[in-house]
Amino acid sequence: MNKEYDYIIVGAGSAGCVLANRLTASGEHRVLLIEAGSRDRNILFRLPMLMGKLMHSGIYNWGYHTEPEAHLDGRRVYWPRGKALGGSSTINGMIYVRGNPADYDGWAAAGNPGWSYAEVLPYFKRSERHEDRADRYHGDCGELTVRRARGENPMFDAYVEAGEQAGHHFTDDFNGERQEGFGRYDFTIKNGKRCSAARAFLHPAMKRPNLDIATNALAHRVLMEGTRATGVQFRSAGRLTIARAAREVLVCGGVVNSPQLLMLSGIGDSQEVERHGIAPVHHLPGVGKNVQDHVDCCLVHSCRAPVSIRDNLRVDRVALSVAQAALFGTGFVTSFPYEAGSFMRSSTALEAPDIQTHFMPATEETANMHWSLLSSGGSEDIAREHGFTVRIGPVKPSSRGRIALRSASPEDSPLIFANYLENQGDAETMIAGVEMMREVMATKAFDQVLGDELAPGPALKTPAELRKWLVGAAMTTLHPVGSCKMGADADAVVDSELRVHGLQGLRVVDASIMPSITRGNTNAPAIMIAERASDLILNPSTHPETGAAR
């Protein structure tokens, strides 16, 4: 190939799709987008209710697992990551949460000028086309369609009411004036179908003659000449190909693949890369460190009345609803099962919420595994099959993990050490959340329908008992970030303009640059990061924080 572009983007996830759109919009720049996965053509992945079932299918998915987790009794935790145009936005839960203003003010206070909440809010609004909200917090002219939850099951409202009865606020908009409280989430759903980053940003740009897209193309390394990135070597159609970048290489592989590509290119801890026979190019010890993820657990109840979504999950009804959704954009499968939730503080001394919940009027087992062709039978079946699930977890975890190379081969998945519950405070926060949610579920709103507590179970009451239970029950909320940290300290990988420290022509643009995880689901922040990066790339003179990378 040996073709030259102005910019090469590695990874067509949420950030990569935004960059491909913004960098080609003027027609002035030649851009190559490299994606290891395929095109996003499977219609089933566009139907929101099928997300949980399909995420385990291996389609559009790297299918990673962590290494045995030391604090989870050696369990290997499943880490699905998107492998297709749109990346993880092609397989995620579509919940649109930006995080708390304190998250971004914290980034700025830590030495990252330009990233305060007031400064990033315009980038959130620029992307957004909200169908239902029109105020100073939302945009209505962007590419990404966002809408309110529209599920009809009455237990979503019951959950919000129960939160109020337990003394919590009602919050109409988790992305508005106040995040804390109980309410319904917003979703990236358009006409009843998933509005992934590929659908929103990349598909409209595909017709532009200055954008080339290489799918099923695995990046092997960033090419360097001295301290400048000059291109990318990747394998496509069974052969190695080289593409040159006249201006910049933009790494958008996400929390796992971005640090892996840097290390394969000799950029990282020199001892680590040399151990795999890779010639060190630039010593940057923070590459792969600082990994953070939202860990959570499930409070599960049986239900004494057939008010859950269990009967909608019968195979015959799902099939009918799939056809309805595909043809008309309506029906049960056009909504997501975890529509209600909350943000809570475990202590009034905290400045912002430290606990998030997601509520589903079904058990995880029913929703993900047991789609029955027959409706439930008598009262015994109702108690067993109908139920409620509340996922509960800390949104500011203190545990830190890392990504490391398994070998020098790009074909080998890297080693993932999430280190869930390494910090005792994360378990304590989760236990506090379980206790708070037990109070919520015991309110009048659930009086007529709530059955037995199935997990953790009423016998587990003390912090010690619940801590022991978490060893087997804790799981990921699928929000890993932070492996290419932004900052100016010794462990930082990129500066406040996302340029790799000590190198030229190389940036990392995705959720891996987060110095600390945001409070809530992380797809919206990943899109915002790319929006801001596009401005930094195209209009550097308008940003007073611009300076030489250390």
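This section describes the nonpolar cores, the helix packing and several individual residues of a predicted model.

The largest nonpolar core comprises 84 residues, and L19 and L506 have the most contacts inside it. The greatest contribution to this core comes from helix α14, residues 523-538, which supplies eight residues. When residues up to four places away in sequence are not counted, L506 touches V222, A229, V249, V251, L262 and I267, together with L498, R499 and V500.

Helix α14 packs against helix α4, residues 117-127. The axes of α4 and α14 come within 9 Å and cross at roughly 105°. Because angles of 65 to 115 degrees count as roughly perpendicular, α4 and α14 are therefore assigned to that class. On the α4 side the contact is made by V120, Y123, F124, R126 and S127, and these residues meet A524, P525, I527, M528, E531, R532, S534 and D535 of α14. Sorted by class, the residues of this contact are seven nonpolar, two polar and four charged.

Helices α4 and α14 are also included in the cover of helix α6. In α6, residues 197-205, the buried residues are A197, A198, A200, F201, L202 and A205. The elements that cover these buried residues include, besides α4 and α14, helix α1 (14-24) and the strands β2 (31-34), β7 (144-148) and β12 (211-214).

A further helix pair is formed by α12, residues 424-441, and α13, residues 463-473, whose axes are 10 Å apart and pack at an angle of about 110°. Helices α12 and α13 are therefore roughly perpendicular to each other. From α12, the residues Q424, A427, M430, I431, V434, E435 and R438 take part, and they meet P463, L466, R467, W469 and L470 of α13. The contact of α12 with α13 divides into eight nonpolar residues, one polar residue and three charged residues.

Strand β2 contains V31. The relative accessible area of V31 is 0%, and V31 is therefore buried. Leaving out residues up to four places away in sequence, V31 touches Y5, Y7, I9, L23, T24, N210, L211 and D212. By contrast, V31 and T66 are 35 residues apart in sequence, and their C-alpha atoms are 34 Å apart in space.

The loop between α2 (51-54) and β3 (64-65) holds H56, Y60 and W62. H56 counts as exposed because its relative accessibility is 53%, and the cut-off for this class is over 50%. Between H56 and E465 there are 409 residues of separation in sequence and 31 Å in space, C-alpha to C-alpha. Y60 counts as buried, at 10% relative accessibility. Although Y60 is not a glycine, its phi is positive, at about 60°. W62 counts as partly exposed, at 24% relative accessibility. With its neighbours within four places in sequence left aside, W62 is in contact with A36, R81, G82, K83, L218 and N257. The C-alpha atoms of W62 and S409 are separated by 16 Å, and these two residues are 347 residues apart along the chain.

Backbone geometry also calls for mention at two other sites. N419, a residue other than glycine, has a positive phi near 55°. N419 lies in the loop between β23 (415-417) and α12, and its relative accessible area of 22% makes it partly exposed. A cis peptide bond joins A455 and P456, with omega about 0°. P456 is placed in the loop between β24 (450-455) and α13.

Conventions: Residues numbered from 1 in each chain as written. Predicted model: local features only at pLDDT ≥ 70, side-chain atom pairs only at ≥ 80, totals over all residues. Heavy atoms only, no water. Core = buried A, V, L, I, M, F, W, Y, C linked by side-chain atoms within 4.5 Å. Buried < 20%, exposed > 50% of the residue type's maximum accessible area, 1.4 Å probe, protein only. Helix = DSSP H or I, 4+ residues; strand = E, 2+ residues; numbered from the N terminus. Contact = heavy atoms within 4.5 Å. Axes fitted to C-alpha atoms, helices over the stretch in contact; angles between N-to-C directions. Parallel < 35°, antiparallel > 145°, perpendicular 65-115°, else oblique. Nonpolar A, V, L, I, M, F, W, Y, C, P; charged D, E, K, R; others polar.
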